[in-house]
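Here are my notes for you, written as a walk through one part of the model. Keep the structure open while you read and look for each piece as it comes up.

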Amino acid sequence: MEGRIEQHPILQFKRKKKIKFYFEDREIEAFEGETVAAALHAAGIRVLRHTPNLGRPAGLFCAIGKCSSCLMEIDGIPNVRSCMTKVKEGMRVRRQKGKGDVL
Amino acid sequence: MNLYQAVIIGGGPAGMMGAITLGNHGVKTIILDENESIGGQLVKQTHKFFGDHAHYASTRGFEIAQKLDEEISKNKNIEVENNATVIGIYPNNTVVYTKDGQEHKIQAKKILIATGAMEKQLPFINSDLPGVYGAGAVQTLMNEYGIMPGKRFLIIGSGNIGLILAYQLIQAGVEVRAIVEALGKVGGYDVHANKVKRLGVPILLNHTIVKAIGDESVQGAIIAKIDDKFQTIPGTEREMVVDTIAISVGLTPLTELAEQAGCKVEFIPELGGYVPIRDERMRTTNPDVFIAGDLSSIEEATTAMIEGKIAALEMARDINGSDTKEEIEEELRTLALFRSGPKSVKIRSGLEKMGIKISIPTKPIINEKKEDVIGKLRAVLECDEEIPCNSCEASCPFGAIHIGENLNSTPVLDAEKCTGCGTCVNACPGLAIFMMKENEEESTVTLGIPYELLPLPEKGQKMWGLSKEGNYVCDVTVERVVKYPNKTNIVYAKFPIEFKDTVRHFAFPKKESPIVCRCEEVSLEQIEKVIDSGVTDFEEIKRLTRVTMGPCGGKNCKLVVLGILSRKTGVPISKLSHGTSRPPVKPVEFSVFKKGGDDK
């Protein structure tokens with residue numbers, strides 16, 4: 001569990017509403033406004049997908065939507081950048097296997 | 001299709017400043033930004049910025065973003081389109097973006113591309129493993145979302161970003177095991193390096209990472225020394241136990257959209273890699289397209305904002321004939337001043353390759369020293385590197401600090417004029433100013449240090465005085481703590497005078513304490529603390545600390561705890577009550593009792 005920062009000498013984190021979403025059918029708590037990748041990281045989940053060819057684990061790299069390392073299957077849609085997608089109540093998130101189907 | 005006078009792609013410092021400038025000159029402008037709110041990478045910068053007081057120096061990055069955002073929301077000429085991902089630029093200045101799963105097209109007379117940069121990759125074995133993160137990703141997790149990015153870090157690269165990241169990690173309560181640097185010297189500013197060195201973070205020069213260790217995510221790293229050809233020296237490899245590795249080996253401009261807009265790019269490593277060719281006023285080889293910020297050259301937010309302004313002033317001239325000539329001249333002079341110091345050599349030579357010459361201002365860099373006044377509470381300026389910043393001079397209410405017209409000069413204190421107010425200590429973005437007063441009669445010195453960590457020390461507390469390298473020097477006693485609204489507080493502590501030039505940080509004593517009760521994970525220190533608070537009854541110690549109350553029932557620790565109690569109280573163990581032993585004496589699952597038993 002990586003957890004959240006509760007006290008900080010400079011910043012104040014005003015967390016919004018607590019919500020629940022699902023990672024591989026496992027219930028995860030998050031706060032509104034967090035990205036999927038951030039909420040997963042807080043829950044100690046760093047492996048966001050396995051690469052299509054070599055099957056290597058992959059996670060975040062840039063966290064600002066540039067590197068496409070964090071692609072996941074979100075609500076059934078593959079290749080979604082989990083670092084740019086805000087988590088929503090009841091969202092279903094899966095580690096992506098393969099490259100994702102067109103339809 | 002919607003037609004705008006100006007489209008800005010990217011709402012970071014360059015784009016925001018560009019928008020404000022265009023808006024102020026009556027140009028209808030839209031900012032397209034991929035995030036939920038604008039601010040770019042400023043939103044995760046918790047440190048105070050260097051620079052000119054007129055350009056947000058001494059203000060923290062996220063606060064600069066807030067200020068610019070407020071200005072933008074007040075300006076009726078500016079429209080902000082958030083969550084808008086630009087996916088391409090097509091002929092006739094057509095910008096295509098997606099938002100909420102839908103495609104949108106807009107056209108503009110002029111386009112300002114301010115897409116910024118991204119972290120450079122550093123391929124090593126397992127560099128693709130989860131837990132090897134770009135430094136910016138760590139900042140995003142930690143400073144934007146308030147998420148612990150890891151527990152133990154190794155940082156690769158000692159440029160300003162790596163150094164700032166190390167400091168920010170420690171502020172968030174994360175351990176930084178080391179910063180490794182391939183070159184023989186620290187890449188970033190000395191003041192940033194000093195900040196982390198005195199917190200005890202080693203900067204390992206001539207070192208590199210060889211491999212990340214781990215199956216599904218990082219569990220360690222192998223680092224090694226390298227020779228002058230950057231080859232690892234066999235036999236120098238060593239393992240570090242870390243769970244996260246942050247890469248900060250530089251940024252590279254995001255030129256894709258500029259290229260699609262027909263801007264010619266060239267590879268100029270001094271500026272960060274491929275960069276769009278542009279003139280002094282930020283116009284690219286496509287006369288309708290301008291660039292600013294990290295896309296034009298990897299620098300920092302201050303120069304990005306000035307570039308955004310220059311681009312916008314030129315665009316406004318094109319669009320509605322605004323007379324911005326003088327303003328542009330003024331901004332160009334400011335920019336030249338920022339780039340005139342020794343730390344900007346690379347940028348200057350990169351720009352020169354593009355045909356842009358930065359004239360070094362005629363105002364000389366002055367680094368004089370004035371007589372110190374021993375025994376008086378006064379500022380000690382430990383800023384010996386020529387970086388463009390004048391926060392201290394601007395902050396001093398008594399005119400006691402002098403930098404002069406060239407803000408690359410190092411500050412000089414007039415100790416006679418200094419009243420010991422501490423305002424400069426609070427303002428200095430490099431945390432490079434201290435307060436000092438020698439108390440000759442008692443052979444002690446009082447040192448005031450900038451303090452941005454939690455918990456905040458309290459008056460009377462004993463702490464450790466640490467050296468500039470973060471090593472223990474002597475014990476210190478906290479005299480007073482002055483809190484400031486900008487969160488750079490000043491902690492004053494007293495210690496023997498012989499260490500006045502050695503001690504530069506105060507830290508809480510680190511005491512390792514053995515675990516006594518292994519079931520409930522209670523340390524010796526915790527038990528002693530309870531006894532010291534006046535509790536001398538074994539049963540009470542049990543209830544307060546849970547010693548002996550775990551699955552082993554006290555078989556492991558009961559005697560040890562009684563020994564501690566005996567030592568502390570002077571009562572022999574034989575005279576102490578040692579509690580009651582209740583069944584079950586071994587762990588038994590509840591189902592055993594639920595089933596009921598038979599009496600044999």
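**Notes on chain B**

1. Let's start with two helices: H4(B) passes H5(B) in a left-handed crossing. Bear in mind that this is a predicted model. To find the pair, look for H4 at residues 160-171 of chain B and H5 at residues 190-197 of chain B. Their axes are 9 Å apart and meet at an angle of about 30°. Angles under 35 degrees count as roughly parallel, so that is the label for H4(B) and H5(B).

2. Which residues of H4(B) and H5(B) make the contact? On the H4(B) side, you'll find Asn160(B), Leu163(B), Ile164(B), Ala166(B) and Tyr167(B). H5(B) answers with His192(B), Ala193(B), Lys195(B) and Val196(B). Sorted by class, this contact of H4(B) with H5(B) has six nonpolar residues, two polar ones and one charged one.

3. Now for the sheet. Chain B has an open sheet of five strands, and if you read across it the order is E8-E15-E9-E10-E11, with parallel pairing. At the edges sit E8 (132-134) and E11 (203-205) of chain B, each of which pairs on one side only. From one strand to the next, the twist averages 25°.

4. E9 (residues 152-156) and E10 (residues 175-181) of chain B run in the parallel sense and are joined over five bridges. A handy spot to check is Ile155(B), which stands opposite Ile179(B) in E10(B).

5. Helices pack here too. H4(B) is back again, touching E9, E10 and E15 of chain B as it packs on the sheet. Its direction makes about 170° with that of E10(B); over 145 degrees counts as roughly antiparallel. H3 (residues 135-144) of chain B lies across E8 and E15 (244-247) of chain B, and runs at about 85° to E8(B).

6. For contrast, have a look at a hairpin. E12 (residues 207-213) and E13 (residues 220-225) of chain B pair in the antiparallel sense, over six bridges. Lys211(B) has Ile222(B), in E13(B), as its bridge partner. Between the two strands of this hairpin there are six residues, and Gly214(B) takes a positive phi near 150°.

7. How many residues of chain B are in contact with chain A? There are 30, and they meet 29 residues of chain A. On the chain B side, the elements giving two or more residues are E7 (117-119), E8 and H3. H3(B) supplies the largest share, six residues. By class, this side of chain B has 14 nonpolar, ten polar and six charged residues.

8. Last, the domains. Twelve residues of domain 2 of chain B touch 14 residues of domain 3 of chain B.

9. Which helix gives the most to the side of domain 2 of chain B that touches domain 3 of chain B? That's H5(B), with six residues. Domain 2's side of this contact in chain B has four nonpolar, four polar and four charged residues.

Terms used
Residues numbered from 1 in each chain as written. Chains lettered and ligands numbered in written order. Predicted model: local features only at pLDDT ≥ 70, side-chain atom pairs only at ≥ 80, totals over all residues. Axes fitted to C-alpha atoms, helices over the stretch in contact; angles between N-to-C directions. Helix = DSSP H or I, 4+ residues; strand = E, 2+ residues; numbered from the N terminus. Parallel < 35°, antiparallel > 145°, perpendicular 65-115°, else oblique. Left-handed = near helix turned anticlockwise from the far one by under 90°. Contact = placed C-beta atoms within 7 Å. Nonpolar A, V, L, I, M, F, W, Y, C, P; charged D, E, K, R; others polar. Pairing = 2+ DSSP bridges.
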